[in-house]
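Here is a brisk report on helix packing, domains and backbone geometry. Keep the structure open while reading.

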Amino acid sequence: MLAAYVLSLLFTLIYGRLAAYNRRAEQVLMPLLDVLQSVPILSFLPVVLLSLSIILPERIAAELASVVLIFTSQVWNMTFAWHQSLTTIPEELREASAIFRFNGWLRFRVLELPFAAISLIWNSMMSWAGGWFFLMAAEIFAVGERDFRLPGLGAYLREAANQGDTRAVLWGIGALVLVIVLLDQLVWRPLLAWADRFKLEMVEGENLPSSWFYDLLRNSRLQKWLSEKVWRPLSEQIDAWFIHPTAALKVREEKTGRPYLLYAAGAAIGLGLTYGAVRAALMLAAVPVSQWGEIGLGLLATFLRVFASLTIALAWTIPVGVAIGTNPRVASFLQPVVQVLASVPATALFPVFLLLIVGLPGGLNLAAIVLILSPGPSQPVGEPGTPALLPSMWNSAAGRSLPPALARLLPGLPLPATIPSSWLPL
Amino acid sequence: MSPNDYLLEVRHVHQIYHSGSRQFVALQDVNLAVREGEFLCLLGPSGCGKSTLLRIITGLQRPTEGVVLYRGQPLLGVNPHATIVFQTFALFPWLTVLENVEVVLKARGIPPKLRTARALDLLDRVGLDGFEFAFPRELSGGMRQKVGFARAMAVEPELLCLDEPFSALDVLSAEALRGELLELWTEGKIPTKAILMVTHNIEEAVFMADRIVVMDKNPGRVIAEVTVDLPHPRRRRSPEFLEQVDRVYGILAGQTQPEHVELGVAPGEPGRVRALPPITINDLAGLLEHVAEMLNRRHDIYRLAKELHVDSDHLLLVTEAAELLGFATISEGDIALTPLGETFAEASILARKEIFATRIRRLPIFRWLFSLLKAAEGQRLNRDVILRALELEFPPDEAEKQLETIINWGRYAELIAYDKAANVIFLEPPGV
């Protein structure tokens with residue numbers, strides 16, 4: 001998980017920066033991101049795994065594939081958020097950075113990263129939640145006749161569910177919840193409390209995010225010592241590497257050349273996509289006409305299920321979200337609960353639900369709806385319409401400084417985004 | 001003085017924006033030069049391109065045509081010897097006051113100890129001693145701008161540029177800061193060789209500058225250069241000071257032209273389309289009533305600013321409107337009411353509306369609008385249609401402002417009505 005997250009972060013920072021600062025690159029990269037975002041994750045799987053296992057021994061290939069899989073579930077919303085941040089930096093701050101001759105590194109460290117910090121942290125939290133969701137899918141997969149299994153919580157849960165061992169499943173879920181809560185308390189809350197200083201507003205907020213762990217750290221002597229002796233000199237050193245004293249005084253010419261490398265890369269990707277499209281078309285053409293009818297019905301059924309679950313989800317989350325958003329005490333109690341709930345993977349719960357519900361009329365269909373319902377929206381796509389996270393986004397939009405969240409909350413629901421992601425469990 | 005003694009030269013700079021198929025001239029053939037030891041002011045109404053010119057001078061923007069020379073060398077990017085103090089401070093909210101000043105020194109590669117020492121020294125000089133570890137959100141506007149000053153001066157620039165630095169401050173803070181800046185400058189406490197300040201406030205320009213470059217809009221261009229050789233400290237009430245202010249007002253207010261020139265042409269016709277000054281009828285009435293009380297119904301424009309408690313910028317817009325509508329004439333910095341203007345000032349509310357209606361019917365832009373509406377079905381048109389037609393003549397934001405002014409004036413005159421919900425403009429009463 002951690003490896004995937006680090007990979008996601010690196011990818012985000014580089015990709016987003018490229019797209020934000022180079023107009024031509026942006027025209028290619030952003031639509032590409034949109035497409036990639038909508039591709040269900042498990043379809044990446046066979047390609048990644050097989051290509052990796054050609055070059056590396058099986059064990060490592062499987063681990064790497066798992067990491068890449070989780071990466072693909074985490075990265076897109078973060079990249080969008082980062083790109084959005086970069087393009088909404090206030091003009092005056094940009095001009096100030098330019099006139100005072102900040103080089104790329106300093107601008108990144110002093111302007112871009114702090115400005116995007118809050119957004120990146122929230123999106124990272126959502127990414128992790130999504131990552132947990134795919135943990136199980138990522139740790140066990142069967143491709144063709146080969147069966148890959150990795151040691152991990154995901155695999156444990158899947159096995160336990162398959163064997164009908166409810167106690168084991170509960171232990172598994174318990175362990176998962178514990179990890180999530182620990183992460184929340186020891187990592188995310190403190191990060192949010194620290195990141196409060198990156199608000200753009202020039203007034204003190206009323207409901208500042210607080211974290212007992214953060215307060216603990218702030219006052220600890222160990223932290224102070226580390227900060228003085230290790231962190232500060234280190235960051236000075238890094239800055240010094242990147243900044244040359246005389247460079248600031250030389251007049252820098254602006255580059256106006258054409259990015260040939262980018263054109264080449266774009267062409268390569270374009271070719272790859274065309275090839276894929278052609279193969280897909282050929283495959284579809286091979287399907288007999290009678291089957292098309294079945295496919296059509298199937299699609300309709302899926303659509304109805306997704307629609308039903310979305311409606312139900314909205315019906316309960318909007319009132320709850322409003323209640324939470326307008327009542328801070330309720331919010332502070334419910335928010336961690338909601339976050340934990342969002343992270344519990346549906347695929348872990350599915351067998352349990354199945355056993356319970358299959359007896360009722362409606363059977364499999366109902367079970368499918370419930371399945372979509374619980375985590376369906378927890379595929380993080382960086383948009384605050386996700387019902388389980390609606391309360392937290394509403395809270396943050398109401399009380400804090402997430403302008404993108406506020407702006408996108410009202411117009412709404414990421415219908416296009418959740419539908420593809422909700423197809424996944426099906 | 002030979003050209004080699006100029007610190008900064010701007011030669012034949014043009015800035016042209018393209019919007020759709022039209023092009024709009026933001027700056028037209030600007031030429032100016034700054035010498036060492038000079039405090040130069042760029043003065044002009046909003047929209048005359050002075051901020052754009054500042055960005056071109058500092059290298060933040062490239063001009064469409066023309067060249068900027070710094071010490072004889074053409075500028076190829078951001079000018080490393082110039083810094084800017086911004087109107088809205090542009091401080092990094094997540095850095096403390098000290099860090100905000102230090103970071104620009106860090107960008108120059110200055111080592112940590114020296115950095116801190118210099119930053120502290122500058123903060124001391126601007127009077128922010130004790131606030132080093134405060135965050136910008138804890139400071140008042142005046143103090144934030146002081147940080148802006150400290151930051152801009154920390155790198156010891158040769159050319160210090162100020163982009164309306166006092167506009168966002170309250171009157172008292174602005175006054176205090178002006179005095180402090182002048183003190184630092186005249187007593188040589190800062191190693192800056194020249195200061196370039198952009199402002200729309202005439203009194204401020206005369207108070208601080210050695211030379212004022214006066215600009216006008218539509219299109220943005222330099223219309224005059226005024227030398228102010230009063231000694232510092234300058235007294236705002238002294239006759240010499242007031243004489244200079246009067247002179248500058250005279251230049252900016254211009255001279256009333258014969259009617260056909262004043263009115264301009266309708267949108268779509270060849271020639272100059274006169275933009276309506278975006279003011280309300282209340283402002284206009286207030287001005288006319290005030291001048292009506294003066295001897296001979298005439299008055300110095302510069303005095304009106306103080307008496308009516310308005311910005312020079314806004315005042316000039318109102319006088320322009322009075323001129324356009326035929327209620328007053330302007331010459332040499334004085335405004336004089338016409339007989340029609342007197343009548344308007346003394347008339348009742350209804351009578352005023354009638355007079356106003358008669359006058360705006362003569363404006364080409366209203367004639368054009370009325371003909372459009374008469375030809376339309378039901379004598380009504382969607383607002384967006386008219387907006388789009390205006391966008392052929394004006395840049396997009398300007399077109400929006402013009403339409404708002406047209407609607408305001410038309411409504412006051414009871415000649416047109418606007419249904420906001422339906423987004424429709426129609427003639428009223430029908431058949432007029």
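This is a predicted model: local features need pLDDT of at least 70, side-chain atom pairs count only at pLDDT 80 or more; totals for chains, interfaces and linings use all residues.

Angles under 35 degrees count as roughly parallel, over 145 as roughly antiparallel, 65 to 115 as roughly perpendicular, and the rest as oblique. Axes are lines fitted to C-alpha atoms, for helices over the stretch in contact; angles run from 0 to 180 degrees between N-to-C directions. Helices (H or I, at least four residues) and strands (E, at least two) are DSSP runs, numbered from the N terminus.

The crossing of helix 2 and helix 4 of chain B is right-handed. A crossing is right-handed if the near helix is turned clockwise from the far one by less than a right angle, and left-handed if anticlockwise. Helix 2 of chain B contributes B:Val97, B:Asn100, B:Val101, B:Val104 and B:Leu105 to the contact, and helix 4 of chain B contributes B:Val147, B:Ala150, B:Arg151 and B:Ala154. Contact requires C-beta atoms, placed from the backbone, within 7 Å. By class, this contact has seven nonpolar, one polar and one charged residues. Ala, Val, Leu, Ile, Met, Phe, Trp, Tyr, Cys and Pro count as nonpolar, Asp, Glu, Lys and Arg as charged, and the others, Gly among them, as polar.

## Helix 2 against helix 3

Helix 2 (residues 97-107) and helix 3 (residues 112-126) of chain B have axes within 9 Å, crossing at roughly 125 degrees. Helix 2 and helix 3 of chain B are therefore oblique to each other. Their crossing is right-handed. Among the contacting residues are B:Val101 and B:Leu105 of helix 2 of chain B, with B:Ala119 and B:Leu122 of helix 3 of chain B. The contact of helix 2 with helix 3 of chain B has seven nonpolar, one polar and four charged residues.

## Helix 15 against helix 16

Helix 15 (residues 383-391) and helix 16 (residues 396-412) of chain B cross at roughly 130 degrees, with axes within 9 Å. This crossing is right-handed. The contact includes B:Leu387 and B:Leu390 of helix 15 of chain B and B:Ala399 and B:Leu403 of helix 16 of chain B. Its classes are six nonpolar, one polar and two charged residues.

## Domains

Chain B splits into domain 1 (3-81 + 193-252), domain 2 (277-359) and domain 3 (363-427). The bounds come from an automatic or database domain assignment. The C-alpha centres of domain 2 and domain 3 of chain B are 25 Å apart. Six residues of domain 2 of chain B contact seven of domain 3 of chain B. On the domain 2 side, helix 13 (residues 349-360) of chain B gives the largest share, three residues.

## Backbone geometry

Most residues other than glycine have a negative phi, and most peptide bonds are trans. B:His232 and B:Pro233 are joined by a cis peptide bond, omega about -5 degrees. B:Glu156 has a positive phi, near 50 degrees.

## Confidence and conventions

The complex has an ipTM of 0.83 and a pTM of 0.73 from the predictor.

Residues are numbered from 1 along each chain as its sequence is written, while chains are lettered from A and ligands numbered from 1 in the order in which they are written. Local features need pLDDT of at least 70, side-chain atom pairs count only at pLDDT 80 or more, and totals for chains, interfaces and linings use all residues.

Key: Two residues are in contact if their C-beta atoms, placed from the backbone, lie within 7 Å.
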